[in-house]
Amino acid sequence: MSLHKWPLIGGNQGFIGADNYVAVLQHPVFWTALRNTFSIFLLSSLPQVILALFIAWVLDANLRAKTFWRMGVLLPYVVAPVAVSLIFSKVFADQSGMINTLIGYLGISPIGWHSSTLASHIAIANMVNFRWTGYNSLILLAAMQAVPHELYEAATVDGAGPARQFFSVTIPQLRSTLIFVIITSTIGGLQIFDEPRMFDTMGGGGADKQWLTLSMYMYQLGWGGHKNHLAKPPP
């Protein structure tokens, strides 16, 4: 279909080769969306995997009420993405949000979470981390529990402390699971749609496309009334 002129109404109107690709690559909105997507991905996926690994390590320790804490870290995952986005859009409101209220007590000027490109990416990344960190933690926790205890016993005999055991025994044994978590986090991060879509009431990615992602860009081209968003849509 990408090699044809194929509007939603009218169907296939003939072969046009790579004209659609050329039109997209020449459109500045595409490059803005590409930048935003990778920026939000880096701000969310990297801290998410590190935090999930730490939470899994804590949950693997001898804690009281283990089941309670393990269920607790999974609760954000079962919350609807739209609900999470609506709540966080209020938390990161430009003037009256909870974050700006708290930093106001410290004498810090309010942050324009919706007007600043970097600030909006940080806010959206926090939404993503809130939903997916607990899910990844439980995956890593299951892998940690499968590590043979004999390895830890041998490391203890050799004089390795908890930190050395974590980096020299636990992480190497989690290599395949970590690869799986990183791949799934990468896929999810590059497909992000719900959180930036619901970050404001307009759902257009910001006045200057500060947080427009590739998924939102494709939605606007195909279903969102691209004439209102794009100056020169592809054929």
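User: Where is Trp-69 found, and why is this residue called partly exposed?

Analyst: Happy to start there. In this predicted model, Trp-69 sits in helix 3. Its relative accessible area is 46%. Partly exposed covers the range between buried, under 20%, and exposed, over 50%, so with 46% Trp-69 is partly exposed.

User: What makes Trp-69 part of a nonpolar patch, and which residues form that patch with it?

Analyst: A patch residue needs over 30% relative accessible area, and Trp-69 has 46%. The patch on the surface is formed by Leu-51, Phe-54, Trp-57, Val-58, Leu-63, Phe-68 and Trp-69, and together they have about 690 Å² of accessible area. Helix 2 (28-59) and helix 3 (66-78) each supply at least two of the patch residues. Helix 2 gives the largest share, four residues.

User: Why is the contact of Glu-195 with Arg-131 called a salt bridge?

Analyst: The closest N and O atoms of the two residues are 3.9 Å apart. The limit for a side-chain nitrogen of Lys or Arg and a carboxyl oxygen of Asp or Glu is 4 Å, so the pair of Glu-195 and Arg-131 is a salt bridge. By this rule the count comes to one salt bridge.

User: What parts does the pair of Glu-195 and Arg-131 tie together?

Analyst: Glu-195 belongs to helix 10 (residues 194-197) and Arg-131 to helix 6, so the pair ties together parts that are 64 residues apart in sequence.

User: Are Glu-195 and Arg-131 buried or exposed, and how do you know?

Analyst: The cut-off for buried is under 20% relative accessible area. Glu-195 has 5%, so this residue is buried. Arg-131 has 10%, so this residue is buried as well.

User: How do you know whether His-121 is buried or exposed?

Analyst: His-121, found in helix 6, has a relative accessibility of 2%. His-121 and Ile-40 are 81 residues apart in sequence, with their C-alpha atoms 5.3 Å apart in space.

User: And what about Gln-173: buried, exposed or partly exposed?

Analyst: Gln-173 lies in helix 8 and has 41% relative accessibility. That value falls between 20% and 50%, so Gln-173 counts as partly exposed. Along the chain Gln-173 is 26 residues from Val-147, and their C-alpha atoms are separated by 6.6 Å.

User: What makes the phi of Lys-209 worth a look?

Analyst: Lys-209 has a positive phi of about 60° although it is not a glycine. Most residues other than glycine have a negative phi. Lys-209 is found in the loop between helix 10 and helix 11 (214-222). With a relative accessible area of 16%, under the 20% cut-off, Lys-209 is buried.

User: What is the volume of the second largest pocket, and which residues are closest to its centre?

Analyst: The second largest pocket has a volume of about 370 Å³. It is lined by 13 residues, and those closest to its centre are Trp-57, Asp-60, Ala-61, Tyr-152 and Gln-165. Helix 6 (117-145), helix 7 (149-157) and helix 8 (162-173) are the elements giving two or more residues to the lining. Helix 8 gives the most, with four residues.

Terms used:
Residues are numbered from 1 along each chain as its sequence is written. This is a predicted model: local features need pLDDT of at least 70, side-chain atom pairs count only at pLDDT 80 or more; totals for chains, interfaces and linings use all residues. Side-chain values use heavy atoms; hydrogens and water are left out. On a 1 Å grid over the protein atoms alone, a cavity is a set of points where a 1.4 Å probe fits but cannot get out, and a pocket is an open set with protein on both sides within 12 Å along at least five of seven lines; lining residues have an atom within 4 Å of a point. Grid points are joined across faces, edges and corners, and a volume is the space filled by probe spheres set on the points. Patches are made of residues with over 30% relative accessible area and no salt bridge: like charges are joined within 9 Å, nonpolar side chains (Val, Leu, Ile, Met, Phe, Trp, Tyr) within 5 Å. Accessible areas come from the Shrake-Rupley method with a 1.4 Å probe; for residues, only the protein chains shown count as cover. Buried means under 20% relative accessible area, exposed over 50%, partly exposed in between (1.4 Å probe, protein chains only).
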